[in-house]
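This briefing walks through one protein model, topic by topic, for a reader who has the sequence and the coordinates at hand. Please keep both in view while reading the points that follow.

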Amino acid sequence: MGAAVIRGLCSPSPGDLMQRIPKFVISPRNAKKAAELAADFPEHITIAKSNQEVVDLVECVMVAVLKGQVEEVISGLKFRAGQQVLSLVAGFSLSRLQELAVPATECATAIPLPAVARRKGATLVYPPKAFAKAIFEPLGTCVCVENDAHFKRMLCVSCIMGDFYKRQLTISSWLASGGVPEADAAAWTGATFATFAADSCQAGPSTFKHLVEEQTPGGLNEFAWRAQEEDGSYNSLLLSLNAVHHRVVTGAADPALAPAVKRSSSRSVKSPSLLEWMGSLCGNA
């Protein structure tokens with residue numbers, strides 16, 4: 001994800017002549033990725049000889065490795081007072097980052113999504129440090145959170161990205177199975193999802209409820225979401241989020257929280273069945 005952030009910051013918006021592109025000193029740890037970035041942005045990228053050299057040369061250190069690698073990568077590094085340290089590692093605690101970065105005290109953690117590389121991303125930041133906001137605000141939407149519990153809960157939403165693409169794949173494959181050319185199926189599926197999202201990308205508290213309610217009564221859109229609701233699709237989504245949240249908070253998955261295990265016991269409120277709803281439509285016809 002660090003590479004996506006760098007690409008976004010090195011690619012100013014067309015016509016934005018006033019924006020300053022920062023200089024980066026990057027780790028040699030991933031030689032292939034480092035070489036690609038240096039080749040694409042030779043005026044702004046320098047490859048260091050070691051991780052310590054990165055820390056020695058920069059004002060803001062961005063940590064972008066797997067959670068299980070953080071301790072190994074930065075525990076032996078010597079930071080300095082006044083340095084800024086930004087973690088892009090989901091699930092790695094801010095308090096532990098602060099311990100490892102001593103004497104640096106300006107620490108934050110951020111969860112950017114891949115589209116930051118195209119300046120169309122979304123990033124969750126905790127706590128709302130000015131230096132972190134300055135990095136991510138040019139890359140799309142930056143949401144800063146002051147509460148650690150809220151941050152961990154909001155982080156779970158980013159884990160639905162795979163589900164989003166899996167739904168697109170399912171729909172595109174369904175179109176192709178009916179004879180639609182694969183290229184047309186993919187183009188139309190991607191475009192429709194992007195259109196749906198465009199109506200809610202600047203959502204307020206009532207946006208989603210309003211968008212659901214404005215689907216034509218008795219129409220195909222309402223028919224589809226009611227069918228999904230009766231089949232337990234949305235309840236399963238809630239259960240999946242609960243399971244993800246548990247893993248984020250505790251650091252371990254609990255098989256007992258899997259939707260397949262919890263589904264039946266979680267249905268405390270039964271909505272009208274699709275058949276009942278269809279019958280009411282026929283009765284009103």
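Under the distance rule applied here, the number of disulfides in this predicted model is zero. Cys-144, for instance, takes part in no disulfide, its nearest cysteine sulfur being that of Cys-142 at 3.9 Å. The points below continue with the cysteines and then turn to the nonpolar core, the backbone, the salt bridges and the surface.

**Cysteines**

- The sulfur of Cys-159 has its closest cysteine sulfur in Cys-156, at 5.8 Å, which is too far for a bond, given that a disulfide calls for sulfur atoms within 2.5 Å.
- With a relative accessible area of 28%, Cys-144 is partly exposed, and Cys-159 likewise counts as partly exposed, at 41% relative accessibility.

**Nonpolar core**

- The largest nonpolar core is made up of 29 residues, and those with the most contacts inside it are Val-63, Ile-74, Phe-79, Val-85, Leu-97 and Phe-151.
- At least two residues of this core come from each of the helices α3 (51-57), α4 (70-74), α5 (94-101) and α7 (148-155), and also from each of the strands β3 (60-63), β5 (106-112) and β6 (121-126).
- Helix α5 gives the most to this core, contributing four residues.
- Because residues of the core are supplied both by domain 1 (1-146) and by domain 2 (153-267), this core lies between the two domains.

**Backbone features**

- The peptide bond that joins Val-102 and Pro-103 is cis, with an omega of about 15°, and Pro-103 is located in the loop between α5 and β5.
- A cis peptide bond also leads from Tyr-126 to Pro-127, where omega is near -15°; Pro-127 belongs to the loop between β6 and α6 (130-136).
- Arg-119 has a positive phi of about 60° although it is not a glycine, and this residue sits in the loop between β5 and β6.

**Salt bridges**

- Side chains of opposite charge can pair when their charged atoms come close, and in this model the count of salt bridges comes to ten.
- One of these salt bridges is formed by Glu-106 and Lys-129, whose closest N and O atoms are 3.0 Å apart; the pair links distant parts of the chain, with Glu-106 in strand β5 and Lys-129 in the loop between β6 and α6, 23 residues apart.
- Glu-106 is partly exposed, at 30% relative accessibility, and Lys-129 is also partly exposed, with a relative accessible area of 21%.
- Asp-148 and Lys-152 form a salt bridge in which the closest N and O atoms are 3.3 Å apart, and because these two residues are four residues apart in helix α7, about one helical turn separates them.
- Both members of that pair are partly exposed, Asp-148 with a relative accessible area of 30% and Lys-152 with one of 26%.
- Lys-209 and Glu-213 meet through their side chains in a salt bridge with an N to O distance of 2.3 Å; both residues lie in helix α10 (residues 207-213), four residues apart, or about one turn of the helix, and both are exposed.
- Salt bridges that share partners join Glu-71, Arg-96 and Glu-99 into one network.

**Surface and helix positions**

- A nonpolar patch on the surface is formed by Met-161, Phe-164 and Tyr-165, which together have about 270 Å² of accessible area.
- Glu-182 is found in helix α9 (residues 182-198) and counts as exposed, at 63% relative accessibility.
- The C-alpha atom of Glu-182 is separated by 7.5 Å from that of Ser-172, and the two residues are ten residues apart along the chain.

Note on methods. Residues are numbered from 1 along each chain as its sequence is written. This is a predicted model: local features need pLDDT of at least 70, side-chain atom pairs count only at pLDDT 80 or more; totals for chains, interfaces and linings use all residues. Side-chain values use heavy atoms; hydrogens and water are left out. Patches are made of residues with over 30% relative accessible area and no salt bridge: like charges are joined within 9 Å, nonpolar side chains (Val, Leu, Ile, Met, Phe, Trp, Tyr) within 5 Å. Accessible areas come from the Shrake-Rupley method with a 1.4 Å probe; for residues, only the protein chains shown count as cover. A salt bridge is a side-chain nitrogen of Lys or Arg within 4 Å of a carboxyl oxygen of Asp or Glu. Buried means under 20% relative accessible area, exposed over 50%, partly exposed in between (1.4 Å probe, protein chains only). A nonpolar core is a set of buried Ala, Val, Leu, Ile, Met, Phe, Trp, Tyr and Cys residues joined through side-chain atoms within 4.5 Å. Domain bounds come from an automatic or database domain assignment.
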